[in-house]
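User: I have a chain open here and want a quick walk through it. Can we start with the overall fold and go on from there?

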Amino acid sequence: MRGNAFVKVGAVGVAMAFCIFFGVSLATQGTERIHGPLTKPQAGEAKQHAYAAAPAGKPAGANAAGPVPKPQAQRPAEAKTKPAMPEDPAADTGINRVGNKTGELLQIAAYHGIRLVVSLFEALSP
């Protein structure tokens, strides 16, 4: 191989690495914006959620940390209630149209940007 080919392969590798890390960063930011910050459980939190076995001769509720849940028969009002359904957003609001058009514009820009990068790499290769 010629020395120029190694430079091209290196440039493609750097560009691919940038795209992958940038995509992961965008996905993480989007997920955090919708679901809240992503945090790892601390060592103390992991121990709080661990189950402890009850000693022989004692009921399981006597050793458990926290309140003992009530049986289903004692909670009839809670069992019969259904969760409220969120309201459907209006489909034809101005904000939705602006968001949809912005999304379409970004898709078109990404498509043509990818085509530009591909054509540049095709022009560089013999």
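**Fold, confidence and contacts**

Analyst: The protein chain has five helices and zero strands. This is a predicted model, and the order of elements from the N terminus is α-α-α-α-α.

User: What is the mean pLDDT of the chain?

Analyst: The mean pLDDT of the protein chain is 74, with 56% of its residues at 70 or more.

User: Where is confidence lowest, and where highest?

Analyst: Helix 3, residues 60–63, has the lowest confidence, with a mean of 50. Helix 5 has the highest, at 90.

User: What share of the residues is buried?

Analyst: Buried residues are 2% of the 126 in the protein chain. The chain exposes about 11800 Å², and 66% of that is supplied by carbon and sulfur atoms.

User: Which residues make the nonpolar surface patch?

Analyst: Val12, Met16, Val117, Phe121 and Leu124 make a nonpolar patch of about 420 Å². Helix 1 (3–35) and helix 5 (94–124) are the elements that give two or more residues to it.

User: Which element gives the largest share?

Analyst: Helix 5, with three residues of the patch. Met16, for its part, sits in helix 1.

User: Switching to charges. How many salt bridges are there?

Analyst: The structure holds one salt bridge. It joins Lys101 and Glu104, whose closest N and O atoms are 3.9 Å apart.

User: How far apart are Lys101 and Glu104 along helix 5?

Analyst: They are three residues apart in helix 5, so about one helical turn separates Lys101 from Glu104.

User: And is Lys101 buried or exposed?

Analyst: Lys101 counts as exposed because its relative accessibility is 55%, and exposed means over 50%. Glu104 has 41% relative accessibility, so Glu104 counts as partly exposed.

User: Now rings. How many aromatic pairs are there?

Analyst: The count comes to one aromatic pair. Phe18 and Phe22 form that pair, with 5.7 Å centre to centre and 10° between the planes, and the pair is stacked.

User: Where do Phe18 and Phe22 lie?

Analyst: Both are in helix 1, four residues apart, which is about one turn of the helix.

User: What is the relative accessible area of Phe18?

Analyst: The value for Phe18 is 55%, so Phe18 is exposed. Phe22, at 45% relative accessibility, counts as partly exposed.

Note on methods: Residues numbered from 1 in each chain as written. Predicted model: local features only at pLDDT ≥ 70, side-chain atom pairs only at ≥ 80, totals over all residues. Heavy atoms only, no water. Patch = residues over 30% accessible without salt bridge, like charges linked within 9 Å, V, L, I, M, F, W, Y side chains within 5 Å. Areas by Shrake-Rupley, 256 points an atom, 1.4 Å probe, with all protein chains shown as cover. Salt bridge = Lys/Arg side-chain N within 4 Å of Asp/Glu carboxyl O. Buried < 20%, exposed > 50% of the residue type's maximum accessible area, 1.4 Å probe, protein only. pLDDT = per-residue confidence, 0-100. Phe/Tyr/Trp six-rings, centres within 6.5 Å; stacked < 30°, edge-to-face > 60°.
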